[in-house]
Amino acid sequence: TSPAFKPLVGMFAWLFGMNGVRGLAGFSVVLAVLALTLLSTHGFLQPAGAVGVGVVWVGYSDPSSGDDGAQSTCYVGGVVLVFGFDSSPGDFQFRVEARDAGSGGVLAIWTHNPGAGNETLVDCAVSGGYAYVAGATVVTQVSLAALPKAYALRVDPGLRDVRVKDLGWIGMATSVAASGGRIYVGGGDLSLSELRLVFRVDKLDGDLSRVSSYRSSGLSGHHLIASSLAFNSVTGHLWAVGVAVNDTGRRWWVEVIDPSSMTLVKQVDPKVPGVATAVFSDGDGYVYVLGDEGYIVKFNYNGDIVARVELKGASLMKGSLVGDMLIVAGHERSGGYYRHVVYLLDRSLNVLAKSYLSEGIQADSYLGPGKLWVNGSRVYIAGFDRQPGNYRWAVYALEVRGLTQTVTTTTTVTATQTITSTFTTTATATVTATRTTTATVTSTATTISTTTATTTVRETQTITSTLTTTTTQTATTTATVTVREPVTIVETVTTRVT
């Protein structure tokens with residue numbers, strides 16, 4: 001373990017010793033502040049083809065003659081916020097730097113020393129124009145007057161409105177995620193009655209007020225610390241990953257949480273050695289977890305292992321998706337020193353490229369837990385090196401080459417359509433005609449008597465008749481209309497941009 005973190009290991013040695021857990025020589029990581037240094041030699045790989053990483057800028061800060069360390073980066077409103085600690089007061093205190101995203105220049109600095117121990121900021125997430133940060137007070141001698149503490153911070157890009165909240169539990173906050181306006185802060189919660197650490201996640205609103213919380217039932221005979229949080233993009237479940245440690249060793253531990261009810265969905269024991277240091281998800285519901293002993297594991301949404309790879313010699317601390325690739329970062333031994341290293345992999349966990357970032361530094365360089373931040377093809381990473389003789393901040397802006405990007409071209413054309421419509425009209429007409437016929441009837445009567453007389457009578461009769469005629473007419477009309485309307489054609493082309 002680097003000299004900067006020996007007091008922090010001592011504090012955890014006390015915690016584990018109280019529970020009879022020994023063998024801390026193998027437990028060289030305190031996830032709140034430790035850089036993991038379990039490394040071995042690994043050869044340099046040239047970038048494959050056009051895929052690779054270039055350094056845009058690197059910024060250094062050495063605010064004290066003691067040891068200083070940068071842990072995580074978040075991008076807010078065109079500003080890169082960098083979180084960690086410095087030793088200006090003699091012990092560690094919170095430190096935040098706001099840097100220009102284009103040049104890396106320092107725009108503002110904020111420091112705060114809230115307690116009597118060593119304070120550090122570890123991880124960050126962005127919501128509503130603010131960065132939300134997890135931090136801790138770590139003490140070397142635990143007593144009622146000096147307890148480890150968990151903190152959450154809300155930080156604006158200009159560092160003019162920084163809020164600090166003591167979460168009120170004994171332990172450390174080491175990870176943070178944000179979704180739906182809620183902030184989720186995770187870490188290790190120490191039960192004084194049980195004398196063991198378990199996973200804990202607090203659900204906060206944007207003002208850092210607690211909405212609800214989750215506390216793990218734990219794993220018998222083990223201490224548990226959550227080192228990273230991420231949401232599954234398909235199920236919406238919150239994945240908390242970290243370490244289960246006892247006197248026989250340490251291994252990954254995963255707990256999947258329902259963020260609505262803050263209850264356990266399932267525990268996953270992937271039986272991977274070391275500490276799970278980072279977790280992130282892709283758009284298809286797969287979850288990627290990486291660790292300090294060089295392992296990267298791909299899970300489906302059920303927690304089943306889909307793929308697994310070991311990058312021998314690498315201690316992996318940070319990771320995310322960049323385009324269609326994974327970018328993971330850590331440190332490993334090369335040229336007599338520990339170097340900052342970045343790998344690019346495809347989603348099947350095949351290595352595409354590898355680059356050392358601190359090749360020109362003639363001193364050890366480390367990355368600790370905490371997020372790297374991806375903004376398009378630009379990636380921001382925070383760490384530290386020992387170039388001046390003490391540990392200083394090192395902040396990188398990287399450009400990833402060879403991303404596969406989907407370009408969507410929308411073309412609007414005018415199409416002519418001819419529409420023929422037939423209309424049938426039926427009309428019924430009723431015609432009534434009245435006809436009058438006049439007839440003259442002549443009748444002759446002969447009267448026989450002594451005198452014969454003949455009488456002729458003419459009689460006129462009028463006959464009226466009515467004739468009703470109904471006529472139905474059907475007319476068929478055919479109309480042809482030409483309509484010109486826009487038709488949108490969308491063409492999607494996938495290209496690899498260098």
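Predicted model: local features only at pLDDT ≥ 70, side-chain atom pairs only at ≥ 80, totals over all residues.
## The largest pocket

The largest pocket holds about 520 Å³ of space. Its lining consists of 26 residues, of which Leu229, Ala230, Val279, Phe280 and Lys371 are the closest to the centre of the pocket. Sorted by class, the lining comprises 14 nonpolar, eight polar and four charged residues.

Several strands contribute to this lining, with at least two residues each from strand S6 (118–127), strand S9 (163–179), strand S13 (223–231), strand S17 (276–281), strand S21 (315–322) and strand S26 (373–375).

In soluble globular proteins, nonpolar side chains tend to be buried together. The largest nonpolar core of this model has 20 residues, and among these Leu344 and Val400 touch the most other members. At least two residues of this core come from each of S21, strand S22 (325–334), strand S23 (337–345), strand S27 (378–385) and strand S28 (392–401), with S28 giving the most, namely four residues.

When neighbours within four places in sequence are left aside, Val400 is in contact with Gly52, Val53, Val322, Met325, Ile327, Leu344, Ser377 and Val379. There is also a second, separate core of 19 residues, which includes Phe94, Leu121, Val155 and Leu159.

## His222, in a loop

His222 is placed in the loop between strand S12 (210–215) and S13. Because its relative accessible area is 10%, which is under 20%, His222 counts as buried. Beyond its neighbours within four places in sequence, His222 is in contact with Arg196, Leu197, Ala244, Val245, Asn246 and Arg251. His222 and Val198, although 24 residues apart in sequence, are 8.5 Å apart in space from C-alpha to C-alpha.

## Thr73, in a strand

Thr73 is located in strand S2 (residues 69–76), and with a relative accessibility of 0% Thr73 counts as buried. Its side chain reaches the backbone nitrogen of Trp373 at 3.4 Å.

Apart from neighbours within four places in sequence, the contacts of Thr73 are Val80, Leu81, Val82, Cys124, Lys371, Leu372, Trp373, Tyr380, Ile381 and Ala382. One of these residues, Lys371, is also listed with those closest to the centre of the largest pocket.

Methods
Residues numbered from 1 in each chain as written. Heavy atoms only, no water. 1 Å grid on protein atoms, 1.4 Å probe; cavity = no way out; pocket = protein on both sides within 12 Å on 5 of 7 lines; lining within 4 Å. Points joined across faces, edges and corners; volume = space filled by probe spheres on them. Nonpolar A, V, L, I, M, F, W, Y, C, P; charged D, E, K, R; others polar. Core = buried A, V, L, I, M, F, W, Y, C linked by side-chain atoms within 4.5 Å. Buried < 20%, exposed > 50% of the residue type's maximum accessible area, 1.4 Å probe, protein only. Contact = heavy atoms within 4.5 Å. Polar contact = N/O pair within 3.5 Å; in protein donor to acceptor, adjacent residues only side chain to side chain.
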